[in-house]
Amino acid sequence: MTINRRVFLKSLATTLATTVAAGASHKLAFAAASSRFGDWQIDVVSDGFIELPVARALPGASDDELQHFLGEETVASGSYRVACNLVVLRKADQVVLIDAGAGPSFLDSTGVAGEALSSLGIEADQVTHVLFTHAHPDHLWGVKDDFDEVLFTNAAHWISATEWNYWTDPATVSRISADRQFFAVGAKDRLALVAEQSDRFQPEQEVLPGIVAIDTSGHTPGHVAFQVNDGDNSLVIVGDALTNVRFSFEQPNRITGSDQDGQMAAESRLKLLDRLVAQKSELIGFHFPHPGTGTVERNNGAYRFVSS
Ligand SMILES: [Zn+2]
């Protein structure tokens, strides 16, 4: 058998699958949850998880608050774990990915979405569209394969014009805070890689028939959520506009450590939560416990996530 790139990738995937299965506690591999929304088949696949320092979650929070939001054991351990949930929408000949995952060169605990997609019978070259909520590593870096080439070779890559302009600006790397400089370097590199097969949209634009971008800037300058419409029903894939099933809902005004512009992100979060309640939308959170699906209710002047 000739070992071409494709065969090599397949065997690598098998090796990884075996490794991952053997160390099940290390990665959440192949997790997938399926449902239907209108004409779409929806699958939420796991791309693994990220460990974050507790101190970064909510700057200035008291120990009591952190224990309430994150749990006593988590606070004692000093780090908390967030899931990474990629959404796949399939209809007729369309295979639409919302965000590309982290790919092979971000963290050891992320980048398993490719195997999860394979387990659903989806190969990278069958993906027709990748829609990005924003250009952080856990959402964008998966566009690149192990050979530093485009992974989704046949896909149109869609990103908000604001997000594209910000991360492709050569000045961003020197203007952004030092702890985010590697985000800027990585985003510029990945966006250049997919430039020839990418396109830009504006907030409230219908990116694909029935899928509308919602401005939720603040986490990054051009962050968007995606609303999938089916008659009066809607499903909103919120990206990192809502990152935590407790504090994002109970104290949406709160400035978090993960948002680049905390004030703008808080305003976007409140607007989004109002919209989700008014529309009685279903939602999927990228960093909520897998699979991250549920609805929102008003609760004592704030909001509550109801998982489904
Ligand atoms: Zn994220």
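These are my notebook entries on a predicted model of one chain.

**Entry 1: the whole chain**

I began with confidence. The mean pLDDT of the chain is 90, and 90% of the residues score at least 70. Residues 1–29 fall below 50. That stretch still has 24 contacts in the model beyond near neighbours in sequence. I leave its details alone. Where pLDDT is low, the predicted coordinates should not be read in detail.

Next I looked up the secondary structure. The chain has 11 helices and 14 strands. Of its 308 residues, 44% count as buried. I also checked the contacts with a separation of 6 or more: 65% of them join residues 24 or more positions apart.

**Entry 2: the sheet from E1 to E7**

I followed the strands across this sheet. It is open, has 7 strands and runs in the order E1-E2-E3-E4-E5-E6-E7. The pairing is mixed. Which strands lie at the edges? They are E1 (32–37) and E7 (198–201), and each pairs on one side only. Neighbouring strands are turned by 25° against each other on average, direction ignored.

Then I went pair by pair. E1 meets E2 (residues 40–53) in the antiparallel sense, over 6 bridges. These two strands form a hairpin with 2 residues between them. Gly-38 sits in that turn and has a positive phi of about 60°. Across this pair, Ser-35 has Ile-42 in E2 as its bridge partner.

E2 also pairs with E3, again antiparallel, over 11 bridges. Here Phe-49 stands opposite Ala-83 in E3. I moved on to the other side of E3. E3 (residues 79–91) and E4 (residues 94–98) are antiparallel over 5 bridges. Val-87 faces Ile-98 of E4 in this pairing.

One general point I kept in mind while looking at strands: in a regular strand the side chains alternate between the two faces of the sheet.

I turned to H7 (residues 161–168). Which residues of H7 are buried? They are Thr-162, Glu-163, Trp-164, Tyr-166 and Trp-167. These pack against E6, H8 (172–175), H9 (181–194) and E7.

Asn-165 is also in H7. Is Asn-165 buried or partly exposed? Asn-165 has 14 C-beta neighbours inside 10 Å, so it counts as partly exposed. I checked one distance from here. Asn-165 and Arg-200 are 35 residues apart in sequence, and their C-alpha atoms are 9.6 Å apart in space.

H9 came next. I tested its length. At 1.5 Å a residue, its 14 residues should span 20 Å. The end C-alpha atoms are 20 Å apart, which agrees. The buried residues of H9 are Phe-183, Ala-184, Gly-186, Ala-187, Arg-190, Leu-191 and Val-194. What covers them includes H6 (137–140), E6, H7, H8 and E7.

**Entry 3: the sheet from E8 to E14**

I then traced another sheet. This one is open too, with 7 strands in the order E8-E9-E10-E11-E12-E13-E14 and mixed pairing. Its edge strands are E8 (206–208) and E14 (302–307), each pairing on one side only. The twist averages 35° from one strand to the next.

I looked at one pair closely. E9 (residues 211–215) and E10 (residues 224–230) run antiparallel over 5 bridges. Ile-211 stands opposite Val-228 in E10.

H11 (residues 262–279) lies across E9, E10, E11 (233–239), E12 (282–285), E13 (293–299) and E14. H11 runs at about 100° to E13.

**Entry 4: the nonpolar core**

Last, I looked up the largest nonpolar core. It has 80 residues. Which members touch the most other members? They are Val-87, Val-130, Ala-225, Phe-226 and Val-238. E3 gives the most to this core, with 8 residues.

Conventions: Residues are numbered from 1 along each chain as its sequence is written. Two strands pair if DSSP finds at least two bridges between them. Helices (H or I, at least four residues) and strands (E, at least two) are DSSP runs, numbered from the N terminus. Axes are lines fitted to C-alpha atoms, for helices over the stretch in contact, and angles run from 0 to 180 degrees between N-to-C directions. A residue is buried if 20 or more other C-beta atoms lie within 10 Å of its own, exposed if 12 or fewer, and partly exposed in between; C-beta atoms are placed from the backbone. Two residues are in contact if their C-beta atoms, placed from the backbone, lie within 7 Å. pLDDT is the predictor's confidence in each residue, from 0 to 100. A nonpolar core is a set of buried Ala, Val, Leu, Ile, Met, Phe, Trp, Tyr and Cys residues joined through C-beta atoms within 7 Å. The expected span of a helix is 1.5 Å times one less than its number of residues.
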